[in-house]
Amino acid sequence: MTRYSIFYLSGLTLLLLQFNSVAQKAKNHTITADEAKSIKKDAAYFFNAENYNAALPAFIDLVKSSPGDAEFNYRLGICYLKTNSLHEKAVEPLEIASQAKDAKKDTWYFLGMAYMAKNDFDKAIESFERCKSIQGFKVPKDNP
């Protein structure tokens, strides 16, 4: 292993340990504003790095603290879809995200994928039809 690899792995390990500590605090009590800010930062980092397994617990905590937040619900739904299991759990947060005035264009697509995972094909078709009606919508390249 190169020197760079060892430093990279050490840094990643420290980051994961810090994230786990923050997530444990959130599970044990109500999240303070400072803790929510830290969890949000970590969740965004992992989500943007496409590490959905690491982002999932943080978005679960953020949705618990702000159940109506469309962005948190959208990202939680994506995390559920992009992990190896729990795809059907993506339905509820994506339904919440889809009700926002400024819902992302691909929310309906991912909601359709979640309905398919739940074997609710009629709702999946409705969601995909809704996608087709959105001007400028393009199927995401990295489908779940």
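**Entry 1: the largest pocket**

For this entry I count Ala, Val, Leu, Ile, Met, Phe, Trp, Tyr, Cys and Pro as nonpolar, Asp, Glu, Lys and Arg as charged, and the others, Gly among them, as polar. The model I examined is a predicted one.

By these classes, the lining of the largest pocket holds eight nonpolar, one polar and five charged residues. I then looked up the volume of the largest pocket, which is about 210 Å³. Its lining consists of 14 residues. I noted those nearest the centre of the pocket: Leu-76, Tyr-80, Lys-89, Glu-92 and Pro-93. Helix 3 (52-65), helix 4 (70-82) and helix 5 (91-98) are the elements that give two or more residues to this lining. Which of the elements gives the largest share of the lining? I found that helix 5 does, with four residues.

**Entry 2: cysteines**

I searched for disulfides and recorded zero in the structure.

**Entry 3: salt bridges**

Side chains of opposite charge can pair when their charged atoms come close. I counted three salt bridges in the model.

I began with Glu-71. Its side chain meets that of Arg-75 in a salt bridge, at 2.6 Å from N to O. Both residues belong to helix 4, where they lie four residues apart, about one turn of the helix. Is Arg-75 buried or exposed? I found Arg-75 to be buried, because its relative accessible area is 17% and the cut-off for buried is under 20%. Glu-71 counts as partly exposed, at 28% relative accessibility.

Glu-71 also forms a salt bridge with Lys-104, and here the closest N and O atoms are 3.6 Å apart. This pair links distant parts of the chain, 33 residues apart. I placed Lys-104 in the loop between helix 5 and helix 6 (107-117), and Glu-71 in helix 4. Lys-104 is partly exposed, with 35% relative accessibility.

I next examined Lys-132 and Glu-129, whose side chains meet in a salt bridge at 3.8 Å, N to O. The two are three residues apart in helix 7 (residues 121-133), so about one helical turn separates them. Lys-132 is exposed, with a relative accessible area of 65%, whereas Glu-129 is partly exposed at 44%. I recorded one network, in which salt bridges with shared partners join Glu-71, Arg-75 and Lys-104.

**Entry 4: aromatic pairs**

A pair of aromatic rings is described by the distance of the centres and the angle of the planes. How many aromatic pairs does the model contain? I counted six.

One of the pairs I looked up is Tyr-45 with Phe-46: the ring centres are 5.4 Å apart and the planes stand at 70°, so the pair is edge-to-face. The cut-off behind this call is an angle over 60 degrees. Tyr-45 is partly exposed, with a relative accessible area of 46%, whereas Phe-46 is buried at 2%.

I then examined Tyr-109 and Phe-110. Their ring centres lie 5.4 Å apart with the planes at 70°, and the pair is therefore edge-to-face. Both Tyr-109 and Phe-110 are buried. Finally, I traced a cluster in which ring pairs link Tyr-74, Tyr-109, Phe-110 and Phe-128.

Conventions: Residues numbered from 1 in each chain as written. Predicted model: local features only at pLDDT ≥ 70, side-chain atom pairs only at ≥ 80, totals over all residues. Heavy atoms only, no water. 1 Å grid on protein atoms, 1.4 Å probe; cavity = no way out; pocket = protein on both sides within 12 Å on 5 of 7 lines; lining within 4 Å. Points joined across faces, edges and corners; volume = space filled by probe spheres on them. Disulfide = S-S within 2.5 Å. Salt bridge = Lys/Arg side-chain N within 4 Å of Asp/Glu carboxyl O. Buried < 20%, exposed > 50% of the residue type's maximum accessible area, 1.4 Å probe, protein only. Phe/Tyr/Trp six-rings, centres within 6.5 Å; stacked < 30°, edge-to-face > 60°.
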